[in-house]
Amino acid sequence: MKSFILLLVFVVYGNMVFSQESDLVKIGDTVPAFTFEIEKGKKVSIADYKGKLILINLFATWCPPCRAELPKMQSEIWGKHKANPGFALFVFGREENWDVLLPFKKKFNYSFPILPDADRSIFGKFATQSIPRNILIDENGKIIYQSIGYEEKEFKKLVQLIDSKLKK
């Protein structure tokens, strides 16, 4: 029993340290500046989307928690808000390029933007490790929400926050 409690304390403490150390931004920070390909050959800047509520999801096609989260992203967020001109969703494939992401998107019938981050340059603005990650940015460019991993209860918080922000 003593060993179990010690192990439990180590795991909980280790997860807290691990999570905090992997974050490079925090709630209240301004979103870091970066450019990305919105489609093959067409680059844009995250600053181009100022004035919108922006959800950034960082994932990988091989990641089981990411794969569990994306169908909910499609139905519970994108399905509800894709037509809202005040909302933008960008899903970045960490260390993946168009040649992997386009077939993945087609296979699973995702209609939201799945974009490459082949060199981790975007991921590296937000974290050093751990996916999936969600970062919600308000209309002023401030980070108002972050999560690491996929947990249904936490995802519901994200959905509720987005819904409440877009009701205005």
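Predicted model: local features only at pLDDT ≥ 70, side-chain atom pairs only at ≥ 80, totals over all residues.
User: Which element gives the most to the lining of the largest cavity?

Analyst: Two elements, β7 (143-148) and α5 (152-166), each give two or more residues to this lining. The element that gives the most, with three residues, is α5.

User: How much space lies in the largest cavity?

Analyst: A search of the whole structure finds one cavity of 30 Å³ or more. The space in the largest cavity is about 40 Å³.

User: Which peptide bond is cis, with omega near -5°?

Analyst: Most peptide bonds are trans. P132 is located in the loop between α4 (123-126) and β6 (133-137). The cis bond, with omega near -5°, runs from I131 to P132.

User: Is S130 buried or exposed?

Analyst: S130 is found in the loop between α4 and β6, and its phi is near 80°, a positive value in a residue other than glycine. Its relative accessible area is 16%. Because buried means under 20%, S130 is buried.

User: Is N109 buried or exposed?

Analyst: N109 lies in the loop between α3 (98-107) and β5 (114-117), and its phi, near 60°, is positive although the residue is not glycine. The relative accessible area of N109 is 65%. Because exposed means over 50%, N109 is exposed.

Note on methods
Residues numbered from 1 in each chain as written. Heavy atoms only, no water. 1 Å grid on protein atoms, 1.4 Å probe; cavity = no way out; pocket = protein on both sides within 12 Å on 5 of 7 lines; lining within 4 Å. Points joined across faces, edges and corners; volume = space filled by probe spheres on them. Helix = DSSP H or I, 4+ residues; strand = E, 2+ residues; numbered from the N terminus. Buried < 20%, exposed > 50% of the residue type's maximum accessible area, 1.4 Å probe, protein only.
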